[in-house]
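My entries follow the structure.

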Amino acid sequence: MLAALPGARSPIDAPDIDYGTISPLLIVLGVAVAGVLVEAFVPRAYRFVSQVGLAAVGVVAAFGATVWVGTDLAPVEGDVTARGGPTAMGALSVDGPAVVTWAMLLFFGLLGVLLFAERRLEGGLSAFTSQAATPPGSVDERRATRLRIEHSEVFPLAMFALAGMMFFASANDLLGMFVALEVLSLPLYLMCGLARRRRLLSQEAAMKYFLLGAFSSAFFLYGIALVYGYAGSFDLAEISTAVSNRIEGQTILLAGMALILVGLLFKVAAVPFHAWTPDVYQGAPTPVTAFMAAGTKAAAFIAMLRIFFVAFGGARWDWAPTVWVIAIVTMLFGAVVSIAQTDVKRMLAYSSIAHAGFLLVAMAGMVSGDGVTSVSAVLFYLIAYGAAVIGAFAVVTLVRDAGGETTHLSRWAGLGKESPVVAVAFTIFLLSFAGIPLTGGFIGKWTVFAAAWEGGAWPLVVVGVVASAIALFFYVRVVVLLFFAAPQGDGPSVAVPSPLTWSVVGIAVAVTIVLGVLPGSLLDLVQQAGAFVR
């Protein structure tokens, strides 16, 4: 009756959402919201344990749901290399690469939760400040520490960041990607400033990350606006159609692509948008650094590939030369500057910059089809790198002095004599970063170089090999320092953590070795993930 009345509004169709398909994302968001309620209603004495249990169970449940979604993905008709498709009214693309990325991020998230929950290293307290609002060194801060107050809010913050990473990697339109970018970034800005020790350095890191992150978000959003002005849509498939048709306004398109690329290169810490990385990695609480180093890079790289392969694939020859130049500069800069570092966390930061360059090599190849593709190479590399970098930062939390973590390399001399197990674990991670055979890093570099070579980007492969050789020099020098250098003074002191941190180190070592010795299963998995679905 209403439809027949003059001036009556047409009924609004209910959105068609397959909640089962997006259940992993919903579970993580639900856990984050439940964590906020725990902060509001659970007594302080029980909050920390409640938050740890809730976050761990939620991440495991989301991982199980991801496996279920992955086994249920149907092949795309007419495209033998793609599985899955858009869902949630086209806002998300739950395809093979998205599901593998979800599983990877949840794995990193679980390791991060275990590191966040470590309390034995700080005398029964976590690595996070008692009250962030109190001035460093004040009477209120000492009182909060004496009362053993803890910031258990870091767990729902981490869950919100994890949900943002998952959304960012699977968003099917540019506006959704911007929302996801902010959801993952804002909690990280906060957590970077919550260190229990060296709070001024931590707060400085958080401020730098926030200010530079705000600039990068502005670039990203302005680029989205320009692309929308060119294509008339935020949807990646519709943008691809407009780009392929080469309608008028090429200048707007090129400017939009450039600004979007700037925003994403900041997140992956590529040169020249890397300046925040060493300071933030050094100042942030080490568990946050570990979570951020693995998760943010993974989500941002998959989002970058999705945008430039799906939306801007028809303009490859416009953006590919820029990616070539940035990949070369990033690999060489990260490898060379690492040599001059005397702080372990800053060394790992510049190593992260170099690894961003290696990943860009696979992107420049832009290989699709059967065998090793650019997408499968990046997925494998991110899993191998993420496991190793989380393990490396877990080891950093164990080498300590009276002031907490001691990250100056001179204090690590002789670590092999003090704690052979810890030194061997750290050596395995360094060898993986260097790409030594029988480690996951070696297979990861082989996949990205193979993808680039197949795509005709052999000059990048040559530069990548040179950069790897330069980085190997410094990694081996650190190994020599650990096992053959004489310790200074009383030598390094290694704290005894709870089984939580030992579990992280053990899992990271196992993954690094297994991916180097028996990589076939994971290579098959990432290759079966196929291509992005439009």
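I looked up glutamate 204 and noted it as partly exposed, because its relative accessible area is 38%, where buried means under 20%, exposed over 50% and partly exposed in between (1.4 Å probe, protein chains only). The model is predicted: local features need pLDDT of at least 70 and side-chain atom pairs pLDDT 80 or more, while totals for chains, interfaces and linings use all residues. Residues are numbered from 1 along each chain as its sequence is written, and side-chain values use heavy atoms, leaving out hydrogens and water.

I found glutamate 204 in a salt bridge with lysine 208, with 2.8 Å between the closest N and O atoms; the term requires a side-chain nitrogen of Lys or Arg within 4 Å of a carboxyl oxygen of Asp or Glu. The two are four residues apart in helix H7 (residues 199–231), so about one helical turn separates them; helices are DSSP runs (H or I, at least four residues), numbered from the N terminus. Lysine 208 is partly exposed at 29%.

I next checked aspartate 279, which forms a salt bridge with arginine 346 at 2.9 Å between the closest N and O atoms. This pair links distant parts of the chain, 67 residues apart, with aspartate 279 in helix H10 (residues 276–283) and arginine 346 in helix H13 (residues 344–365). Aspartate 279 is partly exposed at 23%, whereas arginine 346 is buried at 19%.

I recorded that Glu204, Lys208, Asp279 and Arg346 are linked in a network of salt bridges. The structure holds five salt bridges, among them arginine 47 with glutamate 39 (3.9 Å, N to O), both buried.
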